[in-house]
Amino acid sequence: MTTVGEVVGEHLLRVGAEAGDTYLIYADGRLRGVEPFIEKFPDRFLNVGIAEQNAVSIAAGLAHSGKQVYLWNNTTFLLYRPFDQIRVDAAFSRTRLRLIGTSAGLTRSKSGIINIAVEDVAIMRALPNMTVVCPGDLHEARALLNQCHQLDGPVYVRFPLENYELPEIHRPDTKVTLGHAITVRDGDDAALIATGHMLPVALGWIDEFAKAGLRVRLVSMPSIKPFDAGSVVTLVAEQLPIITVEDHSTIGGLGSAVAEAIAETGRGVPFRRIGVPDRYPYVVGSLGYLTEHFGMPGVSELRAWIVDQVSARSAREAEVGK
Amino acid sequence: MTTPQQMRRDLIRMIARANTGHIPSNLSAVEIVYTLFLRVLKLDPERPDWPDRDRFIASKGHCAAAIYLAMSAVGIIDRQRLDDFNVDGGDVPATILRYGLPGIEPGGSPLGRGPSIGIGTAVAAKRDGRDSRTYVLVGDGECQEGQIWEAAMLAPTLGLDNLVVVVDENRLQGSFETRDVVAADLGARFTAFGWQCHRVDGHSVAELETALLAPQDRPKVVIAATIKGKGVPMMENETGWHGRALTFAELTTSLRGFR
């Protein structure tokens with residue numbers, strides 16, 4: 001199994017060896033898995049200290065001197081304090097800066113607000129010039145890190161915990177392309193669209209739905225920006241009820257992007273967004289605890305909902321058939 | 001009677017049982033929070049929100065266990081409530097957050113905000129004519145945050161002789177030794193910014209008490225030289241233990257080798 005830190009480390013080592021201009025910037029902390037890069041290229045590693053704003057602008061300075069710059073941190077530290085520096089020094093300036101965020105979503109929620117990152121996709125996708133990707137498995141992570149390395153602009157790559165073992169969900173020959181959705185399982189009763197580390201969770205749900213005789217399509221949406229609105233248009237054209245699932249606020253992330261795409265078709269489909277509700281927790285809570293604390297729907301509630309949609313559709317079709 | 005050494009034993013067990021980290025950061029700060037709560041801060045355990053109380057802003061919020069133990073020693077927090085330390089659904093987080101425990105002031109992580117919040121409470125005390133002092137605890141690694149120096153530049157101009165910042169100078173941060181990341185004489189820098197500076201042995205309650213209570217005519221900084229992991233030989237001055245939870249074997253070793 002390959003962890004998030006290891007896949008980033010492998011990538012850095014490879015691109016670092018190819019062109020000789022890849023830098024890794026820390027604002028303190030340690031990302032386990034990137035040590036081989038640091039050992040091999042000590043002159044291309046810089047720890048600027050616990051100074052997140054400084055880190056972004058220094059990285060921008062390096063990038064504007066022709067370097068390929070990667071900046072890693074826990075997502076909250078990576079993006080929130082230096083948001084203005086990211087907005088101006090990375091997004092507005094079209095800087096080739098790759099922001100690697102770990103501990104996204106509720107994956108480190110027990111630390112409280114300091115590590116709860118559920119607004120990150122919303123703010124990052126609102127930035128012009130920014131690319132936003134949330135890899136959901138090992139193939140997506142490898143392919144998207146490679147493709148993003150080629151981009152002439154800033155990128156935010158969103159990961160769960162650095163020691164999270166990336167599952168292998170796609171077949172090795174599956175084409176993973178920035179800006180494109182991937183159909184993981186076929187189905188014509190409903191569609192479940194998942195992003196990032198909710199992809200394996202969604203796959204588990206699909207299997208549960210199948211036990212109930214429900215054929216639910218699973219779509220992976222690792223690329224939040226650019227966003228594959230066309231894939232949503234297809235689902236609407238088929239009149240499939242749609243569920244989105246993400247470890248992020250229901251405001252501004254995958255669910256919002258899909259809702260916008262549905263609305264712009266001018267047609268409607270039954271639609272649900274599964275994510276973190278618009279509330280902060282004021283209790284100690286690991287991810288599992290908070291899922292219940294927030295009353296986030298799980299497999300049984302969604303299964304019942306899909307059954308309702310199948311029933312309604314069948315009634316409509318019977319009506320048309322009369 | 002609570003002693004710093006008893007607090008160390010208690011916090012190691014508390015944190016290890018909760019399977020979380022930051023034990024060394026707690027160990028370095030024990031005498032500082034002990035001295036503040038048991039010798040310095042003007043508080044009323046019966047009225048944690050008493051308007052004339054002194055404020056303790058834990059900017060270095062990840063030494064929450066040490067802070068809770070000191071607060072329980074003076075009767076602000078019921079010791080029993082600490083059984084919920086880092087427990088799902090509880091209100092005793094492993095870093096300082098205002099969830100429901102009495103007497104917790106704003107502050108806590110993310111790093112770097114404490115001195116600014118302290119300026120706010122110190123200015124309010126002045127404007128309201130209250131005899132209330134504000135004490136802010138920061139880490140030395142935390143002083144790499146830019147916001148620390150925004151506050152440091154401003155406080156002398158505002159004439160805040162009721163504001164004290166204590167730096168837990170344990171010389172290690174999450175990644176490396178602090179001096180290898182940013183080499184800085186913090187006392188000299190605060191002095192250059194117009195602060196009254198005291199340097200003490202951060203494991204001496206007597207030295208801390210003297211410095212914390214020393215008269216001041218401007219904002220005061222107390223640079224407390226400490227040992228990260230103090231009391232547990234395998235952790236003392238060693239990087240790598242910062243965020244780690246202990247195994248049972250390590251817990252046993254820690255408590256046996258305790259000094």
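Predicted model: local features only at pLDDT ≥ 70, side-chain atom pairs only at ≥ 80, totals over all residues.
Student: What makes S9 and S14 of chain A edge strands?

Tutor: The open sheet has five strands in the order S9-S11-S10-S13-S14 (chain A), with mixed pairing, and strand S9 (182-185) and strand S14 (271-276) each pair on one side only. Strands are DSSP runs of E with at least two residues, and helices are runs of H or I with at least four, numbered from the N terminus.

Student: Why is one side of S1 and of S4 of chain B left without a neighbour in the sheet?

Tutor: The sheet of chain B is open, with five strands in the order S1-S2-S3-S5-S4 and parallel pairing; strand S1 (55-58) and strand S4 (196-201) stand at its edges with a single partner strand each, and therefore one side of each has no neighbour there. Further in, strand S2 (residues 134-139) and strand S3 (residues 163-169) of chain B pair in the parallel sense over six bridges, with B:Val136 opposite B:Val165 in S3(B).

Student: Why are H8(A) and H12(A) called oblique to each other?

Tutor: Their axes come within 10 Å and cross at roughly 55°, the axes being lines fitted to C-alpha atoms, for helices over the stretch in contact, with angles from 0 to 180 degrees between N-to-C directions. Angles under 35 degrees count as roughly parallel, over 145 as roughly antiparallel, 65 to 115 as roughly perpendicular and the rest as oblique, so the two helices are oblique.

Student: Which residues of H8(A) and H12(A) meet?

Tutor: A:Trp205, A:Glu208 and A:Phe209 in H8(A) meet A:Val299, A:Leu302, A:Arg303 and A:Ile306 in H12(A), where contact requires C-beta atoms, placed from the backbone, within 7 Å. These residues divide into five nonpolar, no polar and two charged, given that Ala, Val, Leu, Ile, Met, Phe, Trp, Tyr, Cys and Pro count as nonpolar, Asp, Glu, Lys and Arg as charged, and the others, Gly among them, as polar.

Notes: Residues numbered from 1 in each chain as written. Chains lettered and ligands numbered in written order. Pairing = 2+ DSSP bridges. Contact = placed C-beta atoms within 7 Å.
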